[in-house]
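Open the structure in your viewer and keep the selection tool handy.

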Amino acid sequence: MAKITLSKLRHSYYPNPKSADDYALKEIDLDWTDGGAYALLGPSGCGKSTLLNIISGLLVPSEGRILFDGQDVTELPPDKRNIAQVFQFPVIYDTMTVYDNLAFPLRNRGRDEATVRERVTAIAEMLELSDLLDRKAAHLSPDNKQKISMGRGLVRQDVNVVMFDEPLTVIDPHLKWKLRSKLKELHQRVRATMIYVTHDQTEALTFADQVVVMQEGEVVQIGTPVELFDRPAHTFVGHFIGSPGMNILPAEVSDGVAHFAGQAIPLEGPITAVAGTRTEIGIRPEFVSLGQSGLPATVTKVSDVGRHTVVECEVAGSRVNAIVNGPGPNRGAMVFLDFRRDQTRLYADGWIASTAGESAT
Amino acid sequence: MKTENQKAWFFVLPVLLLVAFNALIPMMTVVNYSVQETFGDNVFFWQGLDWFEQILRSDRFHAALGRQFLFTFLILVIEVPLGIAIALSMPRKGIWVPVCLVLMALPMLIPWNVVGAMWNIFTLPDIGLLGYFLNHVMGIDYDMTQDPLAAWITIVTMDVWHWTSLVVLLSYAGLVSIPDAYYQAAKIDGASNWAVFRFIQLPKMKTVLTIAILLRFMDSFNIYTEPFVMTGGGPGNSTTLLSIDLVKIALGQFDLGPAAAMSLIYFAITLLVSWLFYTLMTKDDLN
């Protein structure tokens, strides 16, 4: 187990990158502490798999260094880095039994059979594979196959980091939940540094202590799930996390006051110097309520999602979602929207531009 | 309410006719010949299983069968590992892929008797490129019309040249279907190149290799054209393989009864070996 440092990392798949757009990964500086559970969250194509492959050594970055416990491993091949990786599709060795599959990484490194037996039985027990140890791995169900892949990643005790590349993609929904909590439990038991790559916010938020949100090759925010939800540093984070995501509304700022649809909108606190040209107000649907006064809006859609109702409204050509408890208004109804002040933030060119004021708790 | 009728028979009629004229009727004609004796004029005498007994007891048949198994064994032992090795060393991506594939497919596009004629000329001691080179430059006495060993080396080499590509192409198809994640996982698991071959590549190639071996077995076991063109079964009887012997009996000596019995035995052996091999190779996949 080790602390992982990414220093001034950049990567391009082109041999001679010219502009910033040629880079799949724009400059990244990150520290991952020993024993942490991290998630790399972002939409498809945001560079998270590239970053993962650079950490595992399957890819050598164009620029920058990777350090494990302060030691430079940038040029080392995967097998010299002492890492483990679980892939999107289960990788199992068809001709071997489950036991031999789990023993494979240990035997390749010349561990004696007693150690192998001890580790394999321990891991199999954690993953609930004990009954299957003598079976051929080829004919198992996808979730059991993926458990074997995970087991091979966890079977070595001395790995620097275990990485998961969207490991639950091929798993049935009802088993996803089970495996996800299993993984969390495993992390608490083995205390290895784990990095979990996914585009699914639920997976990221349930697994990780710290979530790294990426967009177009850039890290836009690092934080605990609560931080990401409460105070997104970027409109992308606000929009990407949450269901539905944050409302992002075009705003005009004059004399330190933000205006939307012709009305002044009270913000959480003072606006920091607005350098950007594009200013937006961000408010989560959870903090928009329907009342007797406020912004006049027309209800365009009402969806009952079980626990609550999502009311979609239109205000001056912009769409605003509100989450209300109990039955919502009818479609086409005229309502008034009220934004909770301490949750109303200002964004300039995508980045947060308001500070938490006295009204914030 | 459904009305029952017999119209469906018309739909299976074409395929029924095809199979009948293509396989059943010719086959039954052979069966008919194999149990009778004829001296022409469509006069037949009942022989029972005499011809079968005669063929199965004949030294000539045993010798031809032995040569046939030896030939098939040799070409399988050479072509399968060689084909796998070539497939492994071929590029998986890039502009060289189509070039390699076309080069590999070329020998298989040449008609069989042309292959025989080519190799015949190629190995002639006086004018053939290889024959002349071996005899006059290397000083090796090499003449397949005189020396049985030279004849065997020539027909085996010819078959390897002609058909290794089939094993290559099928193995290659198996190899490219392996997702990258397998190689990456193996790297991370610390697997050696041999382990990657043994536990990833070979198992993934198993199905196509089974087909490749089966095809090569059947084709080589029934081989006729190339050795006929090249050696005509000689020198002596040294390259008289089963099918060449069969044609000699049937058309050379016009012994239709024994030839028919021999064809059926020949067919039964091919069928039996293919079935055994296929059953053994696929028995793991069933449970």
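**Stop 1: the domains of chain A.** Select residues 4-230 of chain A, which the domain assignment calls domain 1, and then residues 243-352, which it calls domain 2. The centres of these two domains, taken over C-alpha atoms, are 38 Å apart. Keep in mind as you look around that this is a predicted model.

**Stop 2: a cis peptide bond.** Now pick A:Ser243 and A:Pro244, which are joined by a cis peptide bond with omega of about -5 degrees. Most peptide bonds are trans. To place A:Pro244, look in the loop between helix H9 (235-240) and strand S11 (247-250) of chain A.

**Stop 3: positive phi angles.** Most residues other than glycine have a negative phi. Select A:Asn82, which is not a glycine, yet its phi is positive, near 55 degrees. You will find A:Asn82 in the loop between helix H2 (78-81) and strand S6 (83-86) of chain A. Why does A:Asn82 count as partly exposed? Because 19 other C-beta atoms lie within 10 Å of A:Asn82, and a residue is buried at 20 or more.

Next, jump to A:Asp349, another non-glycine residue with a positive phi, here about 50 degrees. A:Asp349 sits in the loop between strand S21 (345-348) and strand S22 (351-352) of chain A. A:Asp349 has 14 C-beta neighbours inside 10 Å, so it is partly exposed.

**Stop 4: where the chains touch.** Show both chains: 14 residues of chain B are in contact with 19 residues of chain A. On the chain B side, helix H8 (180-188) and H9 each supply at least two residues. H8(B) gives the largest share, six residues. By class, that side of chain B has ten nonpolar, two polar and two charged residues.

Stop 5: Buried residues of H9(B) include B:Met205, B:Leu209 and B:Phe221.

Stop 6: An unreviewed UniProt entry lists several transmembrane regions in chain B, among them residues 9-31 and 95-112. Residues 9-31 of chain B are 100% helix, with end C-alpha atoms 28 Å apart. Residues 95-112 of chain B are 83% helix, and their end C-alpha atoms lie 31 Å apart.

Note on methods:
Residues are numbered from 1 along each chain as its sequence is written. Chains are lettered from A and ligands numbered from 1 in the order in which they are written. This is a predicted model: local features need pLDDT of at least 70, side-chain atom pairs count only at pLDDT 80 or more; totals for chains, interfaces and linings use all residues. UniProt positions are given in the numbering used here, feature names are shortened, and annotations may be inferred rather than shown by experiment. Helices (H or I, at least four residues) and strands (E, at least two) are DSSP runs, numbered from the N terminus. A residue is buried if 20 or more other C-beta atoms lie within 10 Å of its own, exposed if 12 or fewer, and partly exposed in between; C-beta atoms are placed from the backbone. Two residues are in contact if their C-beta atoms, placed from the backbone, lie within 7 Å. Ala, Val, Leu, Ile, Met, Phe, Trp, Tyr, Cys and Pro count as nonpolar, Asp, Glu, Lys and Arg as charged, and the others, Gly among them, as polar. Domain bounds come from an automatic or database domain assignment.
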